[in-house]
Amino acid sequence: MKNSKKMNRRSFLQRTGAAGLALGFPVPLRYGLSTLERPPKKKPILVVIFLRGGQDAVNTVIPYTEPEYESFRPTIHIPTKPQKDGRSVLRITPELGLHPGLSAFLPLWKAKRFAPVVAVGSPHPTRSHFDAQDFMEYAAPGFRTVRSGWLNRYLALTADRDGKDSHLRALAMQGLLPRSLRGEYPVFAVPRGLEGKTGKVLDLFGELYESGKGKAGGRSGQMSGKKGMGATREREEDPVVQAGRATIEALRRFQEIQKRAPKSQVKYPRGPLASKLQGIAKVIRAGEALEIACADWNGWDHHAQEGSLEGKLDRMHQEVAGGILAFLQDLGEDAERTVVMTMTEFGRTVRENGNSGTDHGHGGTMFLAGGPVKGGKIYGKWPGIGAKDLYQGRDLAVTTDFRDVMAEVLRKHMGLRRIPRDFFPGYRPGKGVGVV
Amino acid sequence: MQPALWAQGSKNPPGSRVLELTETQKIRHVLSRFAFGPTPGLVERVRRQGLDAWFEEQLECKGKSPQILRDRLADLDTWGRSAGDILLELQRIREDIGPDPKQKDRVRLNRARNLARNQLKDAVLFHAIYSGNQVLETAVDFFRNHFNVTVNKGSVRYYATEYERDILRKGALGSFGWLLEHTAKSPAMLFYLDNYLSRRPPSKQELKGIERRVRRRTKSRKRAEEEVEIAKQRGLNENYGRELLELHTLGVDNYYRQKDVIEVAKALTGWTISRDRKNKTVSFQFRSDMHIPGPKTFLGSVIPEIKKNPVREGEMVLERLVKHKGTAHFLAWKLCRWFIADDPPEDCVQRIAKVFHKTNGEMKAVLRAIYHDSEFWNPKNFQTKFKRPFEFVVSALRVTGAEVRSTRALHRALKVLSEPIYECEDPTGYYDQAEAWNDPGVLAVRWSFAMQLATNKIPGIRIPDSFYADLHPSLPQVWKDQLARKMLPAGIGDKTDKVLDAIIRKVIREQKEVRAGRRKKPLKKVLAPLLVGLLLGSPEFQKQ
């Protein structure tokens with residue numbers, strides 16, 4: 001299992017090293033001819049947010065009418081009746097409501113641009129974070145040999161055969177790539193805090209790492225060279241120098257994008273996720289042909305002191321909903337071709353534990369928001385939280401396979417007509433969920 | 001690499017094809033791999049002592065640590081405590097706060113919950129930076145990743161202090177068998193890989209007992225039925241059994257199959273955690289009522305049922321694994337990768353595996369074998385291994401003799417560089433090969449860190465003036481070479497040399513222009529830190 005992972009990483013790095021990152025790279029088509037339909041002028045955008053640790057599904061989309069909801073969660077349930085501060089379950093349907101921390105989703109819900117998918121998850125029973133995350137990001141539950149991310153497979157599958165892909169088809173707003181973006185197709189990771197503040201440092205180290213003639217800077221906005229250039233320079237074999245040069249080129253480009261992006265009036269909430277979304281929005285608003293962006297948010301593993309109306313989960317929900325709303329507002333008309341999707345490796349136990357928290361569970365929630373989303377409706381079959389309805393007597397059951405949503409997003413939103421058989425190992429897309 | 005460095009003191013006659021490391025290079029090589037790089041003056045001290053003698057002294061942990069390490073550790077009040085003590089203190093605070101916590105109480109409680117974890121991370125850093133027993137520190141670093149646990153899972157944050165101090169630090173230069181047994185029985189590992197939950201499914205009688213108890217307590221029949229349903233789910237957990245074979249001993253799919261995983265897990269049922277509030281201990285406990293009885297077939301032979309002392313069954317599994325040639329090979333391969341090269345040649349691995357096998361994993365003998373192996377001294381392995389973020393940060397602090405009073409910025413840097421201490425979620429531990437770390441993008445974080453450290457911009461961390469004391473008083477042109485000699489084991493590369501020359505000229509020119517104006521900073525204060533920052537961020541310093 002671990003060895004094959006390494007092999008994949010190696011071939012990935014060799015490829016990026018050999019071609020130079022963010023230059024035009026020839027990417028071999030693993031699945032034969034491209035099955036992408038003729039691309040529209042402006043390509044669809046997919047932003048995937050991974051909420052790591054296991055978002056508590058039952059305090060996200062809340063079955064406020066079921067009697068077990070309160071009795072299973074004596075200290076962490078959300079009251080149905082408004083409290084002093086006027087907050088309570090946001091009843092969006094007669095059976096289900098949203099956590100009040102998610103109130104920023106309400107305008108999107110009313111505009112039919114937001115929809116949760118409930119009781120969604122993996123057919124694999126694992127309650128291990130690393131397995132569940134691996135399985136989900138590789139979109140291959142139980143297949144330990146698959147070591148390329150589903151989004152990377154998509155990028156490789158739809159790569160331009162002449163290597164004329166945009167330099168920034170995909171990126172992750174973090175230091176290392178999430179597994180969903182790992183694989184043979186080169187993707188750039190932008191470490192936090194480096195988007196705009198490192199000008200001086202880059203100029204200094206540019207001279208140390210660049211193959212240019214010792215003069216830092218160069219023509220801004222243009223990559224300093226096309227494929228194959230610099231192949232004869234000294235130290236060319238050194239992967240550290242190569243990675244350094246790729247870093248400088250991509251960060252320069254990034255800074256230039258930041259300058260180019262029109263000023264925005266949209267206010268984001270403060271926090272790690274929102275700032276990542278803001279960074280992604282800048283890239284899109286600068287007119288970059290970005291198709292896929294990822295952002296991770298760790299820390300959803302609320303085994304203790306999860307909170308009810310106030311507390312950890314509430315604060316994190318506020319940032320997720322507020323961040324996504326701000327992001328879509330920030331994109332303006334580009335929001336019409338953008339789908340933001342959140343996922344999490346599993347839900348949590350329906351009963352609270354002895355520490356006013358919840359433990360690893362099964363069925364979870366996904367949010368979809370954006371122009372192409374058929375919102376204002378809850379998708380997926382709600383299995384109920386009565387003692388008999390629960391998976392293994394403790395967790396929300398899974399009624400929708402997470403790959404149903406992935407496949408639908410790729411097909412209906414990204415325009416991938418036919419999904420090759422081995423794209424989702426051991427799985428054939430069904431008729432879909434209907435959410436996009 | 002400078003030709004001059006190659007030639008210096010080389011035993012090889014001119015024209016010889018196999019180059020050999022010079023004496024100085026050998027010292028620097030050992031300090032790169034069996035230490036987190038040199039501190040000011042260390043190369044000279046080792047030279048005086050003799051490299052072999054230094055290494056042997058290190059294996060016996062007879063190196064002297066500076067006062068600063070004792071001072072820093074003395075500030076970490078949980079570092080000396082037991083897990084039970086740490087938990088008891090937390091409980092006292094909980095009771096003190098009472099059932100209705102206010103915001104400031106929550107802050108206090110959170111701080112208490114994080115205290116041991118944060119101080120553990122500090123202890124790891126301080127040891128790596130300041131310890132005079134660097135061979136021990138690198139071996140502990142290896143085993144911290146080999147027997148990985150994360151403080152982000154449940155109670156591990158309270159157990160990990162003991163784990164680091166009483167198992168990893170105590171056993172890293174001892175025998176592998178001792179380490180394997182003690183990690184297997186440690187609350188940290190039992191919790192991290194769930195073995196403490198692993199048990200035989202409850203009997204009908206036990207289920208009835210549960211029903212009775214819950215009904216009496218809750219007066220609810222429904223609740224009791226639910227509890228029974230949950231209890232029925234409890235049973236064998238193969239998480240630890242699998243990682244024991246896959247990651248700790250044999251290597252993935254080597255010699256074993258799924259049924260071996262299950263048999264190992266069965267042998268280890270009942271290995272769980274007990275908490276004794278009276279004696280302030282959290283410790284290993286064998287519970288025979290959780291143990292699955294009967295003989296187990298493991299790797300083709302039988303572990304007999306030992307009714308009188310069933311804990312022996314699991315211990316026998318571990319003993320067999322320690323003696324297995326697959327374990328020797330897997331550990332040798334990992335150790336060679338760690339200390340020699342990302343992709344060590346098979347014949348070298350086999351030589352080390354032989355020693356491992358023969359000595360039953362006596363770590364001193366194994367490390368000594370690596371130290372004396374011809375492959376270790378192969379010049380192509382000199383300064384060619386990419387530093388992990390931890391190695392980069394620690395070696396930068398060591399080489400500059402930095403005084404670390406606050407670790408906050410260091411932990412933050414390690415987090416951004418994706419290697420926060422004791423936070424690897426994956427049981428593999430952090431990888432040690434370049435391909436895991438050399439992602440495009442992240443190098444820029446190293447550069448920022450290098451510049452901030454060099455210019456003393458990191459709060460609580462200072463490079464002392466003494467570091468610059470021996471710079472030539474009137475010839476700034478030679479500073480670059482003076483600093484490079486201290487900081488870059490393989491010397492300065494041509495490109496770096498040229499770029500630094502240009503920067504020196506530029507800064508001197510600018511200084512002259514300032515002179516016409518009013519205030520000026522001494523050249524040494526401007527130029528020297530800039531050079532240090534560039535050297536720390538140079539391609540040369542990213543390798544060891």
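Colleague: Hi! Does Gln542(B) count as buried or exposed, and at what relative accessibility?

Modeller: Gln542(B) has 0% relative accessibility, so it counts as buried. Buried here means under 20% relative accessible area, exposed means over 50%, and partly exposed is in between (1.4 Å probe, protein chains only). Keep in mind that this is a predicted model: local features need pLDDT of at least 70, side-chain atom pairs count only at pLDDT 80 or more, and totals for chains, interfaces and linings use all residues. Residues are numbered from 1 along each chain as its sequence is written, chains are lettered from A and ligands numbered from 1 in the order in which they are written, and side-chain values use heavy atoms, with hydrogens and water left out.

Colleague: Thanks! Where is Gln542(B) in the chain, and which residues does it touch?

Modeller: Gln542(B) sits in the segment after helix H26 (523-537) of chain B. Helices (H or I, at least four residues) and strands (E, at least two) are DSSP runs, numbered from the N terminus. Leaving out residues up to four places away in sequence, Gln542(B) touches residues of chain B including Phe386(B), Phe392(B) and Arg446(B), and also Tyr209(A) and Val240(A). Contact means heavy atoms within 4.5 Å.

Colleague: What lies 3.0 Å from a polar atom of its side chain?

Modeller: That is the backbone oxygen of Leu536(B).

Colleague: OK, on to chain A. What is the strand order in the open sheet?

Modeller: The sheet has 8 strands in the order E7-E6-E8-E1-E9-E10-E5-E11 (chain A), with mixed pairing. Strands E7 (188-189) and E11 (400-401) of chain A are at the edges with a single partner strand each, so one side of each has no neighbour in the sheet. Two strands pair if DSSP finds at least two bridges between them.

Colleague: How does E9(A) pair with E1(A) and with E10 of chain A?

Modeller: E1(A) and E9(A) run parallel and are joined by 6 bridges; Ile45(A), for one, has Thr338(A) as its partner in E9(A). E9 (residues 338-343) and E10 (residues 364-369) of chain A run antiparallel, with 3 bridges. In E10(A), Phe367(A) is the partner of Thr342(A) and Leu368(A) that of Met341(A).

Colleague: Which residues are on each face of E9(A)?

Modeller: Thr338(A), Val340(A) and Thr342(A) are on one side, with Val339(A), Met341(A) and Met343(A) on the other, and all are buried. In a regular strand the side chains alternate between the two faces of the sheet.

Colleague: Last one: how many helices and strands are in chain A and in chain B?

Modeller: Chain A has 10 helices and 11 strands, while chain B has 26 helices and 6 strands. Buried residues make up 65% of the 436 residues in chain A and 59% of the 544 residues in chain B.

Conventions. A polar contact is a pair of N or O atoms within 3.5 Å; within protein, one must be able to donate a hydrogen and the other to accept it, and residues adjacent in sequence count only if both atoms are side-chain atoms.
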